[in-house]
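Dear colleague,

I am handing over the structure below, and I would be grateful if you could look through it before reading my notes, which follow it.

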Amino acid sequence: MKLIFLGPPGAGKGTISDLAVDKLGLPHISTGDLFRAAVKDGTPLGLKVKGIMASGGLVPDELTIALVEERLARKDCAKGWILDGFPRTIPQAEALEKIAGVDTVVNFDVADAIVVDRLSGRRMCRSCGKIYHVKNMPPRKEGVCDVDGGELYIRDDDKEAAIKVRLETYRKQTAPLIDWYGKKGSLLTIDGVGSPTEVLGRFEKAIGR
Ligand code: ADP
């Protein structure tokens, strides 16, 4: 099964992916996580994308497409995947068509006000990347990851100015993909508002699991 998770930043794509991978046995491929790992490791790619990510803008298509192409060629992708955060532009979607077919595109529908609340309260584990929210999904111990005890931090792009840029970027560059995939007949839209368990339930029902 080859799935794409589409939706604005903060729509819950990463959270639902984390829950769905266990059930579906598919790898979760998040371009944001791949870029953050490159930044953390200080690789040449990481140095190129650090500033772009912190401002809330998009990494250039060529770099992003090359990264995804390489990742999808690995063995664990043979049976399918969940792509989270890619494609984010029409040229990326066109490139993906040449790399691999897509079965279903799941569009998480969430209003802007909720997105802003989710992103401004989001915390992420510095070592494993697990996502929390100070009010909606707090860790057992403040500032500490439940899974591996890592430090929880606020992403640079979860600060107010970057959130605004990300929402604008989403509207201009990514939202047109909803129509694009809709015309191809592979789009499912689900309501992304509610607890992770509720949204996971809607997702499973939508894909017939
Ligand atoms: P979110 O979905 O919460 O906005 P991600 O973790 O998916 O965040 O992405 C973080 C950042 O990584 C983006 O704001 C962007 O700078 C970069 N990025 C991730 N995926 C892509 C992509 N497909 N194309 C261009 N840039 C990307």
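Which of the 21 residues in the largest nonpolar core touch the most other members? They are Phe5, Ile16, Leu24, Ile82, Phe108 and Phe203, where a nonpolar core is a set of buried Ala, Val, Leu, Ile, Met, Phe, Trp, Tyr and Cys residues joined through side-chain atoms within 4.5 Å, and buried means under 20% relative accessible area, with a 1.4 Å probe and protein chains only. Please bear in mind that this is a predicted model, in which local features need pLDDT of at least 70 and side-chain atom pairs count only at pLDDT 80 or more, while totals for chains, interfaces and linings use all residues. Residues are numbered from 1 along each chain as its sequence is written, and side-chain values use heavy atoms, with hydrogens and water left out.

Helix H1 (13-24) is among the elements that give two or more residues to this core, and with four residues H1 gives the most; helices (H or I, at least four residues) and strands (E, at least two) are DSSP runs, numbered from the N terminus. Leaving aside neighbours within four places in sequence, Phe108 is in contact (heavy atoms within 4.5 Å) with residues including Phe5, Ile16, Ile190 and Val199. Another core, of 18 residues, lies apart from the one above and has Ile65, Leu72, Ala95 and Ala100 among its members.

Leu26 lies in the loop between H1 and strand E2 (28-30), and Leu26 is buried, with a relative accessible area of 8%. Although Leu26 and Gly80 are 54 residues apart in sequence, they are 6.2 Å apart in space, C-alpha to C-alpha.

With kind regards

Conventions
Buried means under 20% relative accessible area, exposed over 50%, partly exposed in between (1.4 Å probe, protein chains only).
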